[in-house]
Amino acid sequence: MALLIDTDPGCDDALAILLALESDLDVVGLTTVAGNAPVEDTTENALSILDFLDSDLPVARGADRPFVKRQETAEFIHGEGGLHGDLPDSARKPVNTAAAEFIVERAREDGDLTIAAIGPLTNVALALAIEPDLPSYLDEVVVMGGAVRAPGNRTPAAEANLHADPDAASRVLQSARATFVGLGVTTRATIDPSTLDLRGARGETVEEWLTYYPAELKERYGLEHSPIHDAAVIGHLTADVLDVDRRALEVDTSEGPCRGALVADEYGVTGESKNGEVASSIDVKRFREVLASGIESAL
């Protein structure tokens with residue numbers, strides 16, 4: 001499987017990238033987007049993470065803001081610059097191609113590309129605008145986003161990635177028949193760092209990624225350990241840790257209190273066609289085994 005990761009690193013993004021690189025997936029590159037931090041930082045973080053993982057994959061810098069709404073970032077969760085851990089700046093630079101164009105080029109070249117979109121969906125929506133036939137070049141689009149069957153974490157109704165750019169998320173949903181992996185399952189995608197051998201400088205960095213959630217947020221959400229939201233997407237692609245249901249889905253792009261919410265028609269009351277998939281459950285034990293194996297391999 002040829003995989004492109006569209007990302008806004010981010011500690012859970014870093015672990016998702018680690019897991020992808022330590023799997024059998026053919027990762028062809030990373031595209032970056034503003035989200036957990038401004039795009040300048042997320043791009044530098046992506047390059048530094050790849051250096052840390054001894055990878056020279058190309059990185060394409062993407063959108064620096066949402067289509068319409070004001071940009072919001074999450075350094076208060078992920079640390080200064082958007083990433084915990086003492087990683088040196090990379091000597092490498094992103095490629096000259098913008099992220100949306102990079103997505104289109106790779107999709108045309110591979111013909112059966114999978115996109116793991118684990119940040120706001122601005123780049124993917126822009127790629128669809130550039131190439132309306134993009135879905136014909138894609139195997140699937142798997143999104144970390146939404147809060148079906150769960151409260152939101154940016155507003156009471158909306159999850160952070162979709163709330164960051166609801167208009168882009170709506171565009172992707174309308175065109176790409178995506179799978180949404182939301183908070184209903186990803187808040188259970190946790191692992192106890194004490195079960196892992198994280199000695200040495202590299203282990204300390206990974207431990208910072210694993211423990212990125214502030215104590216007050218863990219208390220608010222009733223969590224013992226930090227949720228590794230984005231790694232659940234990679235777990236789905238590598239080890240089928242998720243069950244998914246096809247539903248009629250819609251992203252609320254109104255200016256009301258539910259802006260950015262992913263709405264699923266659970267009982268078919270609208271009569272609308274089932275235009276996407278949403279994760280309904282996660283095999284937590286299997287997820288932890290897969291993540292632990294990836295971390296062990298990387299260290």
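**Close-up 1. Strands β1 and β2 run parallel in this predicted model.** β1 spans residues 2-7 and β2 spans residues 26-32. Six bridges join the two strands. Within this pair, I5 faces L30 of β2.

**Close-up 2. An open sheet is built from nine strands.** The strand order is β3-β2-β1-β4-β5-β6-β9-β7-β8. Pairing across the sheet is mixed. On average, neighbouring strands are turned by 30° against each other, direction ignored.

**Close-up 3. Helix α7 packs on the sheet.** The helix covers residues 166-176. Its contacts reach β5 (138-144), β6 (179-181), β7 (242-251) and β8. The directions of α7 and β7 make an angle of about 110°.

**Close-up 4. The largest pocket has a volume of about 390 Å³.** Its lining comprises 27 residues. Nearest the pocket centre lie N36, A74, I77, N153 and A160. By class, the lining residues are 12 nonpolar, seven polar and eight charged.

**Close-up 5. Helices contribute to the lining of the largest pocket.** At least two lining residues come from each of α1 (11-21), α3 (75-78), α6 (160-164) and α10 (215-221). Helix α6 gives the largest share, with four residues.

Definitions and conventions: Residues are numbered from 1 along each chain as its sequence is written. This is a predicted model: local features need pLDDT of at least 70, side-chain atom pairs count only at pLDDT 80 or more; totals for chains, interfaces and linings use all residues. Side-chain values use heavy atoms; hydrogens and water are left out. On a 1 Å grid over the protein atoms alone, a cavity is a set of points where a 1.4 Å probe fits but cannot get out, and a pocket is an open set with protein on both sides within 12 Å along at least five of seven lines; lining residues have an atom within 4 Å of a point. Grid points are joined across faces, edges and corners, and a volume is the space filled by probe spheres set on the points. Ala, Val, Leu, Ile, Met, Phe, Trp, Tyr, Cys and Pro count as nonpolar, Asp, Glu, Lys and Arg as charged, and the others, Gly among them, as polar. Two strands pair if DSSP finds at least two bridges between them. Axes are lines fitted to C-alpha atoms, for helices over the stretch in contact, and angles run from 0 to 180 degrees between N-to-C directions. Contact means heavy atoms within 4.5 Å.
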